[in-house]
Amino acid sequence: MYLVTMLGNLLIILAVISDSHLHRPMYFFLSNLSLADISFSSTTVPKMLVNLQTHSKSITYAGCLTQVTFFSLFASLESLLLAVMAYDRLVAICQPLHYLVIMNPRLCGLYVLVSFLFSLLDSQLHYLMVSQLTFCADVEVPHFFCDPSQLLNLACSDTSTNTILTYFIGVIFGGVPLSGILFSYTRIVSSILRVPSSGGKYKAFSTCGSHLSVVCLFYGTGLGLYLSSAVSSSLRNGAVASVMYTVVTPMVNPFIYSLRNRDIKSALWRVIRRIA
């Protein structure tokens with residue numbers, strides 16, 4: 001599945017770079033999302049594969065901190081990029097005549113840069129929070145990666161402040177982008193419903209279908225991961241939720257965009273023929 005994730009997202013990036021028809025804001029953000037998906041999956045899966053190959057389940061303290069830092073960075077980046085893509089769709093549907101003027105290359109680059117900087121802040125907060133914890137000798141993490149919420153449960157020191165900080169960070173870096181997405185789609189639906197023809201409504205909805213599917217998959221599996229950690233004590237349920245969030249979601253995203261988007265599909269075939 002990791003190879004499929006890498007190949008699928010790399011093909012999306014190559015298609016956007018090589019095809020001039022895809023040099024538009026929507027596909028610029030999509031290529032950055034694919035890069036975030038590759039990085040997000042690479043944070044956890046390679047270590048898991050090494051552990052399976054060597055029959056070892058150990059990870060160093062430094063390795064665990066590194067995993068926490070990059071996991072938080074790319075999870076937050078994906079969340080923020082999805083919010084930016086929702087705004088992009090809002091401008092495209094509600095202000096189509098001014099779309100290319102508003103979503104100019106400089107502004108698109110600025111959105112990606114700001115998203116990365118906020119994600120970097122999120123990762124550093126998680127790093128500082130976990131590095132302050134005290135653990136008793138050797139501990140066993142009931143996951144295939146160092147999940148920050150699980151590390152809080154394993155700490156010997158008082159974690160009440162860290163727990164509050166975790167929820168606060170989650171609301172800021174997860175809840176705010178989700179609120180932005182919901183606001184954008186409220187405006188989009190309101191605008192589409194005013195379109196008189198059914199064909200026009202279908203065309204407008206079809207441009208949002210792929211993005212909406214990815215949003216539901218990302219936030220649905222993310223919510224499932226943290227609910228399974230907070231509510232259920234079953235290690236199996238937690239492991240399944242973790243795999244869905246960190247492995248399956250980045251793997252499925254390229255298929256969602258390529259199957260539902262004619263431009264991406266055509267560009268991908270051209271890239272594949274060129275490689276072959």
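This is a predicted model: local features need pLDDT of at least 70, side-chain atom pairs count only at pLDDT 80 or more; totals for chains, interfaces and linings use all residues.
**View 1. The largest nonpolar core.** This core has 54 residues. Leu82, Ile181 and Ile264 have the most contacts inside it. At least two residues each are supplied by α1 (2-18), α2 (25-54), α3 (61-94), α5 (105-131), α7 (160-193), α8 (198-230), α9 (235-260) and α10 (262-275). Helix α3 gives the largest share, 15 residues. In soluble globular proteins, nonpolar side chains tend to be buried together.

**View 2. Surroundings of Ile181.** Ile181 is one of the residues with the most contacts inside the largest core. Neighbours within four places in sequence aside, Ile181 is in contact with Leu82, Ala83, Ala86, Val215 and Tyr219. Another core lies apart from the largest one and has 7 residues, including Leu65, Val68, Val141 and Leu151.

**View 3. Ser34 in helix α2.** Ser34 is placed in helix α2. The relative accessible area of Ser34 is 3%, so this residue is buried; the cut-off for buried is under 20%. Apart from neighbours within four places in sequence, the contacts of Ser34 are with Asn9, Ile12 and Ile13.

Conventions:
Residues are numbered from 1 along each chain as its sequence is written. Side-chain values use heavy atoms; hydrogens and water are left out. A nonpolar core is a set of buried Ala, Val, Leu, Ile, Met, Phe, Trp, Tyr and Cys residues joined through side-chain atoms within 4.5 Å. Buried means under 20% relative accessible area, exposed over 50%, partly exposed in between (1.4 Å probe, protein chains only). Helices (H or I, at least four residues) and strands (E, at least two) are DSSP runs, numbered from the N terminus. Contact means heavy atoms within 4.5 Å.
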